[in-house]
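Open the model in your viewer and keep the selection panel at hand. The tour goes stop by stop.

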Amino acid sequence: MKKKMERALNKQVNAELYSSYLYLAMESYFQSISLNGFAKWMRGQVQEEMFHGMKIYDYVHERGGRAQFEAIDKPQTQWESPLAAFEHILAHEQAVTGLINNLIDVALDTRDHAAKAFLDWFITEQVEEEATVGEIVDRLRLIGNDSSGLFFLDAELAKREFTLPAK
Ligand code: FEO
């Protein structure tokens, strides 16, 4: 694997671990306002992002590369409402989609078709993530200041069980 591709993949590992850290901060925020279903849903996100990071980390090694370690940025830790937190997630996931697209550009520039095939999984994953989060944002906007609607959604989100995707 070309060094340029290896560096770009390593940067993405850091970005995925940052996502995991950001969602952990959100889990803590939701726990602090006793929306435990939201907090549980967020725990699933934490694990999913860690899985994404590890999937890329493993791939770097599979291709004979070496992991690089950088500091993981401090995430925001407080939001003014559940809607503000989910709008943040949506904007964040849209930015991550941009990062994955940039990675694919590097794969194409370096004629690394194996990396391109590997990264296609993430393209599909981002479509799903943006759709899921976008739906929750829409529902939170409809709920507005109706606390019974919020508790109903909290109960629904509590049902999320995280299972590791097939590798
Ligand atoms: Fe790893 Fe939410 O993208």
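Angles under 35 degrees count as roughly parallel, over 145 as roughly antiparallel, 65 to 115 as roughly perpendicular, and the rest as oblique. Axes are lines fitted to C-alpha atoms, for helices over the stretch in contact, with angles from 0 to 180 degrees between N-to-C directions. Helices are DSSP runs of H or I with at least four residues, numbered from the N terminus.

This is a predicted model, where local features need pLDDT of at least 70, side-chain atom pairs count only at pLDDT 80 or more, and totals for chains, interfaces and linings use all residues. Residues are numbered from 1 along each chain as its sequence is written, and side-chain values use heavy atoms, leaving out hydrogens and water.

**Stop 1: α1 and α3**

Select residues 3-32, helix α1, and residues 82-109, helix α3. Their axes come within 10 Å and cross at roughly 170°. The two helices are therefore roughly antiparallel. Their contact has 20 nonpolar, four polar and four charged residues. Here Ala, Val, Leu, Ile, Met, Phe, Trp, Tyr, Cys and Pro count as nonpolar, Asp, Glu, Lys and Arg as charged, and the others, Gly among them, as polar.

**Stop 2**

**Stop 3: H52**

Now pick H52 in helix α2, residues 36-62. Is H52 buried or exposed? At 0% relative accessibility, H52 is buried (buried is under 20% relative accessible area, exposed over 50%, partly exposed in between, with a 1.4 Å probe and protein chains only). Show its contacts, meaning heavy atoms within 4.5 Å. Leaving aside neighbours within four places in sequence, H52 touches E16, W121, F122, E125 and E129.

**Stop 4: salt bridges**

The structure holds nine salt bridges, each a side-chain nitrogen of Lys or Arg within 4 Å of a carboxyl oxygen of Asp or Glu.

- E6 bridges to K3, with the closest N and O atoms 3.2 Å apart. Both lie in α1, three residues apart. E6 is buried at 6%, whereas K3 is exposed at 54%.
- R141 and E87 meet at 2.9 Å, N to O. This pair links distant parts of the chain, R141 in α4 and E87 in α3, 54 residues apart.
- D120 pairs with K116, the closest N and O atoms being 2.9 Å apart. Both sit in α4, four residues apart, about one turn of the helix.
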